Structures are given as structure tokens and as C-alpha cells.
Amino acid sequence: MSLPKAVIFDLDGVIVDTVPAHYVAWKSIADELGIAFDEEANEALKGVSRVDSMKKILALGGLKRSDSEILELTTKKNELYVDIISKMTADDILPGVIDFMDLLQHQGIKMAVGSSSKNTPTILKCIGLQDAFDAIVDGNQVTHSKPDPEVFLKGAIKLGLSPEDCVVIEDAISGIEAAINAKMKCIGIGEQDVLGKANVVIKSLSEANLDLLSRL
Ligand code: BG6
Ligand code: MG
């Protein structure tokens with residue numbers, strides 16, 4: 001059985017259920033701007049950086065804003081978002097995550113986080129996983145948002161491994177494309193019709209096991 005040397009986890013929507021919090025905060029900003037925004041539009045923002053998400057929402061409404069206005073809007077969005085996530089606890093860790101991490105640790109497979117979020121340190125602390133990973137690369141350390149492979153390639157470097165030794169776990173189309181661009185195998189968490197570019201798609205990490213990892 002050939003297993004990867006490391007697993008790089010996306011954070012939002014893979015480790016912790018922050019997707020509804022992002023949606024609520026963006027919806028409030030979109031409403032204020034008079035832009036129609038629903039959960040389907042939110043899907044395209046998964047994995048995308050804060051500023052790029054704002055630009056996508058503005059484009060939806062055919063609006064243009066200056067860089068300073070964008071900064072003001074994204075700051076407001078983040079305040080709304082942080083207000084929600086700062087109340088999170090270990091209970092918000094998604095099903096199967098802890099068991100799968102235990103399995104990897106037992107097997108000597110390294111673990112990293114590769115997230116676009118600048119709030120990664122805050123979230124990991126709230127859910128008690130701040131010391132659970134061998135490496136963390138987040139939105140504070142990258143210049144290019146997923147689907148650019150930067151976040152995952154930096155993760156491999158921090159782990160001291162080659163990209164082909166790493167498997168990515170992602171819930172976003174942009175993240176799966178980033179894994180492909182990094183030449184890493186990828187497990188999608190969600191729906192097959194949305195995440196079909198991944199090597200395999202499962203509904204939650206409860207379905208993940210060593211057999212699945214070895215067959216990628
Ligand atoms: C990603 C989320 O993990 O992080 C995106 O999927 C979010 O929805 C991005 O826009 C940036 O997050 P933050 O916390 O830096 O605003
Ligand atoms: Mg995600």
C-alpha cells in the first residue's frame with residue numbers, strides 16, 4: 001500500500017464549518033451594496049482570498065470601487081465574520097476530522113494546513129488545534145490566492161517534502177485547482193458534480209481512511 005508522506009488540509013469547510021459564517025457576512029455587505037447574492041454565488045468564493053472575493057461580488061453587481069473603498073468593505077466584512085467565528089469551539093470541528101488526524105498521526109503521516117484565510121490562527125486557537133499540525137500556511141503568508149498553487153507548495157517546503165509526497169483535502173473548486181497546479185493528489189469534500197476535478201470526492205472526512213489515501 002503506497003501512502004502519501006503528508007496530508008495538507010484546507011481549513012474553511014474541511015476542518016471547521018465556517019462556510020455559513022462567511023456567507024452571512026458577505027450577504028450583509030452585498031445587501032448593503034444592493035447586489036443579489038445567494039449560496040450559489042457564495043460557492044464561487046470558497047478558497048478565494050478576502051479581497052478577491054469582494055471583487056467578485058462587486059463584479060456580480062456590475063459595480064466598481066476604489067482600493068480604499070474595497071479595504072473599507074472587506075474590513076467591515078471581516079468584523080462581522082470574526083464576531084461569529086470567535087465564538088467557535090471544538091464542537092465546530094467537522095465530522096471525521098479528529099479521527100482521521102489520529103489515524104494519520106498513528107501512521108506517521110505528517111499534517112499541514114493550507115488555507116487562504118488570514119483568520120487561520122484565530123480559528124485554530126478557538127477550536128483547540130493550534131498545535132496539532134507540523135506546518136501551517138495561511139492567507140498571511142501567500143501573495144497569490146487559490147487556484148494558484150502557492151499555499152500548497154509553501155506547505156510542502158515547510159514540511160521538507162516534494163509536492164508529489166503530499167495529498168490535499170479541499171472543499172472548494174479553486175482549492176482543487178490549486179492542488180492540481182501544485183501537482184498534488186486531491187480529495188474533494190462535498191458534491192461530485194461540483195468537485196469532479198478531484199481524484200476522489202467524499203461527503204465528509206468520516207469516509208476517509210488509509211485505503212482511500214493509498215488508492216489516489
Ligand atoms: C478561505 C475561504 O479559506 O479563506 C474563503 O474559503 C475566504 O471564503 C478566504 O474568503 C479568506 O478568508 P479570511 O478569513 O482571510 O477573510
Ligand atoms: Mg475551504
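In the predicted model, a backbone N or O atom of K118 is placed 2.7 Å from an oxygen atom of ligand 1, a polar contact being a pair of N or O atoms within 3.5 Å. A polar side-chain atom of S117 lies 2.6 Å from an oxygen atom of ligand 1, and a polar backbone atom of V48 is 2.7 Å from an oxygen atom of the ligand. Taken alone, ligand 1 exposes 390 Å², of which the protein buries 97%; accessible areas come from the Shrake-Rupley method with a 1.4 Å probe.

The shell around ligand 1, defined by heavy atoms within 4 Å, holds 15 residues, with D12, R50, S117, K118 and N119 as the closest. Three of the shell residues are nonpolar, eight polar and four charged; Asp, Glu, Lys and Arg count as charged, and Gly is among the polar residues.

The protein chain is divided into domain 1 (6-16 + 90-214) and domain 2 (19-85), with bounds from an automatic or database domain assignment. Ligand 1 lies between these domains because both give residues to its shell. The domain centres, taken over C-alpha atoms, are separated by 24 Å. In domain 1, 13 residues are in contact (heavy atoms within 4.5 Å) with 13 residues of domain 2.

Residues are numbered from 1 along each chain as its sequence is written, and chains are lettered from A and ligands numbered from 1 in the order in which they are written. Local features need pLDDT of at least 70, side-chain atom pairs count only at pLDDT 80 or more, and totals for chains, interfaces and linings use all residues, while side-chain values use heavy atoms, without hydrogens and water.

Definitions and conventions. Polar contact = N/O pair within 3.5 Å; in protein donor to acceptor, adjacent residues only side chain to side chain.
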